[in-house]
Amino acid sequence: SVGTSYGEEISFTTGSAKPTVTTVSPSEVTSSSAVSGGNVTSDGGSAVTARGVVWSKDHNPTISLSTKTTNGTGIGSYVSSITGLEPGVTYYVRAYATNANGTSYGDEVSFTTTAVKPTVKTSDATDVTTSSAKVGGNVTATGGAEVTERGIVWSTSKNPTTSGNKKQVGNGVGSFTTELSDLKIATTYYVRAYAINSVGTSYGEEISFTTGSAKPTVTTVS
């Protein structure tokens with residue numbers, strides 16, 4: 001009834017925690033790159049010393065991977081450039097933020113890079129005769145989409161295409177060979193390997209060979 005008294009004052013400090021970070025949905029996706037980022041909304045009571053994004057072909061990537069960016073320190077939003085990607089592949093991305101208490105991750109988001117035309121090489125011609133030759137190629141990359149057709153195109157003019165003489169030799173990746181027959185004697189032919197996926201048709205480098213000559217043909221008049 002006389003009044004209120006107070007004891008001596010004491011103080012305490014609450015513990016700090018890991019940061020809080022959100023992941024920005026990827027944009028500007030190409031066959032080999034994308035743009036993402038994050039937003040550190042709380043430092044957890046301890047300074048954020050590193051932040052960025054980490055990505056992988058597998059779920060739940062972590063900063064133990066080399067595929068990550070470093071985008072400054074502190075709280076706030078940031079933009080991350082993701083590079084060195086493969087075409088036609090799905091990647092999983094998480095933003096991260098690190099302070100003295102550890103590393104936190106934002107929600108996982110995913111994106112798929114765009115596919116490109118296949119990569120194909122042309123093999124040198126072998127076993128060239130007066131009327132035939134063996135040629136081939138090697139599809140070394142799908143471009144991120146199934147290679148539905150591959151083979152050889154040839155012509156007596158440079159830069160043959162699939163609209164001219166064409167011979168399909170299977171599909172998919174890997175090396176292949178075939179024989180061209182019924183060729184003209186002593187004639188130079190230009191050859192390119194080709195490969196087709198849903199994006200389009202690619203050609204290997206052009207090679208050439210010349211069929212062999214033969215003895216003349218003669219008839220005797222009675």
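Predicted model: local features only at pLDDT ≥ 70, side-chain atom pairs only at ≥ 80, totals over all residues.

Q: OK. Which side chain does Lys-57 meet in a salt bridge?
A: That of Glu-86, at 2.9 Å from N to O. A salt bridge here is a side-chain nitrogen of Lys or Arg within 4 Å of a carboxyl oxygen of Asp or Glu. Glu-86 lies in the loop between strand 4 and strand 5 (90-99) and Lys-57 in the loop between strand 3 and strand 4, so the pair ties together parts that are 29 residues apart in sequence. Strands are DSSP runs (E, at least two residues), numbered from the N terminus.

Q: And Glu-86, how accessible?
A: Glu-86 is partly exposed, with a relative accessible area of 39%.

Q: How many salt bridges by that rule?
A: Three. Another is formed by Asp-127 and Lys-134, with the closest N and O atoms 3.5 Å apart. Asp-127 is partly exposed at 49%, and Lys-134 is partly exposed at 37%.

Q: What does Glu-149 pair with?
A: Lys-166, the closest N and O atoms being 3.1 Å apart. Glu-149 is in strand 10 (residues 149-155) and Lys-166 in strand 11 (residues 165-168), so this pair ties together parts 17 residues apart in sequence.

Q: Is Glu-149 buried or exposed?
A: Glu-149 counts as buried, at 15% relative accessibility.

Q: Switching topic: how many residues are in the largest nonpolar core?
A: 18, and among those with the most contacts inside it are Val-135, Ile-152 and Trp-154. A nonpolar core is a set of buried Ala, Val, Leu, Ile, Met, Phe, Trp, Tyr and Cys residues joined through side-chain atoms within 4.5 Å.

Q: Which strand gives the most to that core?
A: Strand 13, with four residues.

Q: What does Val-135 touch?
A: Leaving out residues up to four places away in sequence, its contacts (heavy atoms within 4.5 Å) include Ala-125, Ile-152, Leu-180, Val-191 and Phe-209. Apart from this core lies another, of 16 residues, with Val-53, Ala-97, Val-109 and Phe-111 among them.

Q: Now Thr-122. Where is it?
A: Thr-122 is in strand 8 (residues 119-126), and is buried with a relative accessible area of 9%.

Q: Which backbone atoms does the Thr-122 side chain reach?
A: The backbone nitrogen of Ala-193 at 3.0 Å and the backbone oxygen of Glu-205 at 2.8 Å.

Q: Last one: what is phi of Asn-60?
A: Near 55 degrees, a positive value in a residue other than glycine. Asn-60 sits in the loop between strand 3 (50-56) and strand 4 (76-82), and is partly exposed at 49%. Phi of Asp-182 is also near 55 degrees; Asp-182 is in the loop between strand 12 (174-180) and strand 13 (188-196) and is exposed, with a relative accessible area of 74%.

Terms used. Residues numbered from 1 in each chain as written. Heavy atoms only, no water. Buried < 20%, exposed > 50% of the residue type's maximum accessible area, 1.4 Å probe, protein only. Polar contact = N/O pair within 3.5 Å; in protein donor to acceptor, adjacent residues only side chain to side chain.
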